[in-house]
Amino acid sequence: MKKLLKVVLVLLLAVGIVACGGKETSIQDDKKLVVSATLDPHAKILEEAKKVLKEKYEIDLEVKVLDDYYIFNKALDAGEVDANYFQHFPFFDGEVKEHGYKIVNAAGIHLEPFGFYSKTVKTVNDIKNDAEIIISNSVADHGRILAILEKEGLITLKEGVNKQEATVRDIASNPKNLKFTEVKPELLTTSFENGEGDLVAINGNYAIQAGLNPTKDAVILESASADNPYVNIVACQQGHENDEKIKALVEVLKSDEIKKFIENTYKGSVIPAE
């Protein structure tokens with residue numbers, strides 16, 4: 001009898017371990033979807049999408065807010081979340097090439113125009129010789145920043161350079177002898193608030209979190225054309241891009257309801273992708 005009880009207990013324990021193991025990631029849970037995102041606008045957009053996902057698809061969306069760009073894709077690749085929503089494609093592409101992550105672009109959702117902000121400079125004409133421009137230390141942002149400066153006539157990039165991959169080493173002409181200082185992306189708004197540098201190049205989501213409105217407060221603002229390569233995407237693990245939960249998430253984020261929410265909430269600071 002004691003032997004029988006021992007066998008039963010071992011079997012129950014084994015079943016329990018298997019059951020718990022099946023709950024490690026929500027990919028195995030048909031009714032739960034875990035998505036990591038930066039606070040604003042990504043997490044706020046997801047919170048708006050949450051009720052639609054629940055009502056239309058009976059999917060429970062859990063939003064995990066992170067602020068370190070370099071954690072997101074690592075966590076997704078490890079299966080700690082089902083998807084993430086925080087990055088544009090050049091950043092995503094660079095991460096995949098550098099780390100070999102088995103993740104894919106599921107869909108483009110919105111664009112956040114990049115802006116240059118200053119406590120002292122009011123217009124492009126106010127930019128002085130030897131001005132310091134504080135930029136992200138994320139190389140994936142450099143080409144975008146430099147392309148904006150080139151369009152404003154402040155620098156010229158080398159002929160034939162891929163502007164998405166350009167770095168300060170690709171500057172051919174710099175008439176004002178602009179100086180570039182790199183800091184972590186999450187510290188850009190702190191640099192602006194502290195009055196550091198002459199201009200600070202800040203990505204849209206960080207600008208919004210700091211209470212800035214790119215369309216009103218930026219000295220220089222990126223063109224918000226629909227074909228801009230820096231559209232923010234939803235990423236997921238390879239092989240899961242056609243999962244019903246991921247497809248439902250994309251469908252809701254690209255719906256007229258969410259597009260209207262983005263337009264009404266951000267008033268041009270964030271624009272839905274076509």
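**Notes on the predicted model**

1. In this predicted model, helix H2 is followed by Glu58, whose phi is positive, near 60°. Helix H2 itself spans residues 39-57 and carries a kink of about 30°, centred on Ala49. Ala49 is also one of the buried residues of H2, which include Asp40, Pro41, His42, Ile45, Leu46, Glu48, Val52 and Leu53.

2. Within helix H2, Lys51 and Glu48 are three residues apart, about one turn of the helix. Their side chains form a salt bridge, with the closest N and O atoms 3.4 Å apart. Glu48 is buried, whereas Lys51 is partly exposed, at a relative accessible area of 42%.

3. A further salt bridge joins Asp60 and Lys54 (2.8 Å, N to O). Asp60 is partly exposed, with a relative accessible area of 36%, and Lys54 is likewise partly exposed, at 42%.

4. The structure holds eleven salt bridges. One of them pairs Glu62 with Lys32, the closest N and O atoms being 3.0 Å apart. Glu62 lies in strand S2 (residues 60-65) and Lys32 in strand S1 (residues 32-37), so this pair ties together parts that are 30 residues apart in sequence. Glu62 is partly exposed at 28% relative accessible area, and Lys32 is partly exposed at 32%.

5. Two cavities of 30 Å³ or more are present. The largest cavity holds about 60 Å³ of space. Its lining consists of Tyr69, Phe86, Gln87, His88, Phe91, Asp141, Asn203 and Asn232, of which three are nonpolar, four polar and one charged. Strand S3 (residues 83-88) supplies the largest share of this lining, three residues.

Conventions: Residues numbered from 1 in each chain as written. Predicted model: local features only at pLDDT ≥ 70, side-chain atom pairs only at ≥ 80, totals over all residues. Heavy atoms only, no water. Bend = angle between axes of the 7 residues up to and from the residue. Helix = DSSP H or I, 4+ residues; strand = E, 2+ residues; numbered from the N terminus. Buried < 20%, exposed > 50% of the residue type's maximum accessible area, 1.4 Å probe, protein only. 1 Å grid on protein atoms, 1.4 Å probe; cavity = no way out; pocket = protein on both sides within 12 Å on 5 of 7 lines; lining within 4 Å. Points joined across faces, edges and corners; volume = space filled by probe spheres on them. Nonpolar A, V, L, I, M, F, W, Y, C, P; charged D, E, K, R; others polar. Salt bridge = Lys/Arg side-chain N within 4 Å of Asp/Glu carboxyl O.
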